[in-house]
Amino acid sequence: MPPESSNTTASPLTHFDAQGQAHMVDVGAKQHTHRIAVAEGRIRMQAATLALIESGTAKKGDVLGIARLAGIMGAKKTADLIPLCHPIALTRVAVEFEVLAASTTVVCRATAETTGPTGVEMEALTAVQVALLTIYDMCKAADRGMEISGVKLLEKHGGKSGSFVAG
């Protein structure tokens, strides 16, 4: 297999070189474009736990407010957590929650943006995971059976590969 360059790859798994060794992808020659990614996930819990979150009476404080900040911080730390992610200059991170009372679920949606040579999918996904884990941490005394699920990329735009929107 010929060595890969920054413009062409011999394999869709770009984090491996021609010898199969893990490496950080060279993005030095890639065009700087506006990039945006949106990810989503959910946490299901007991009705009483959701009531604590909605009422603001959880022992540790404003669960969703703290989870929002944790998600933003998580996006900013993605390169520290995922070994081959590039550290990037985020221009915006937004974390939003939707409470679905009928299914005792909180849905988290995170949007990450940058202008640069590489995408922000991992930052959006990390923001969602960290926000949901923070909800779990803050409510575990009341409900250790909470379940995090459905974490996925909803859409991404920008860069050479263009747009992706989940079906």
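Predicted model: local features only at pLDDT ≥ 70, side-chain atom pairs only at ≥ 80, totals over all residues.
## Helix 4

Let's begin with helix 4, which covers residues 121–139 and has 19 residues. From its first C-alpha to its last it reaches 28 Å, close to the 27 Å expected at 1.5 Å a residue.

Which residues of helix 4 are buried? They are E123, A124, T126, A127, V128, A131, L132, T134, I135, M138 and C139.

In soluble globular proteins, nonpolar side chains tend to be buried together. Here, the largest nonpolar core has 28 residues, and M45, V95, F97, V106 and I135 are those with the most contacts inside it. Two or more residues each come from strand 1 (33–44), helix 1 (47–55), helix 2 (63–76), strand 2 (90–100), strand 3 (105–116) and helix 4. Helix 4 gives the largest share, with eight residues.

Setting aside neighbours within four places in sequence, I135 touches I43, M45, I53, V63, L64, A67, F97, V106 and M146.

## Cysteines

How many disulfides are there? The count comes to zero. As for individual cysteines, C108 is buried, with a relative accessible area of 0%, and C139 is buried too, at 4%.

Most residues other than glycine have a negative phi. T104 is not a glycine, yet it has a positive phi of about 45 degrees. You'll find T104 in the loop between strand 2 and strand 3. Is T104 buried or exposed? T104 is buried, because its relative accessible area is 17%, and buried means under 20%.

Methods. Residues numbered from 1 in each chain as written. Heavy atoms only, no water. Helix = DSSP H or I, 4+ residues; strand = E, 2+ residues; numbered from the N terminus. Expected span 1.5 Å × (residues − 1). Buried < 20%, exposed > 50% of the residue type's maximum accessible area, 1.4 Å probe, protein only. Disulfide = S-S within 2.5 Å. Core = buried A, V, L, I, M, F, W, Y, C linked by side-chain atoms within 4.5 Å. Contact = heavy atoms within 4.5 Å.
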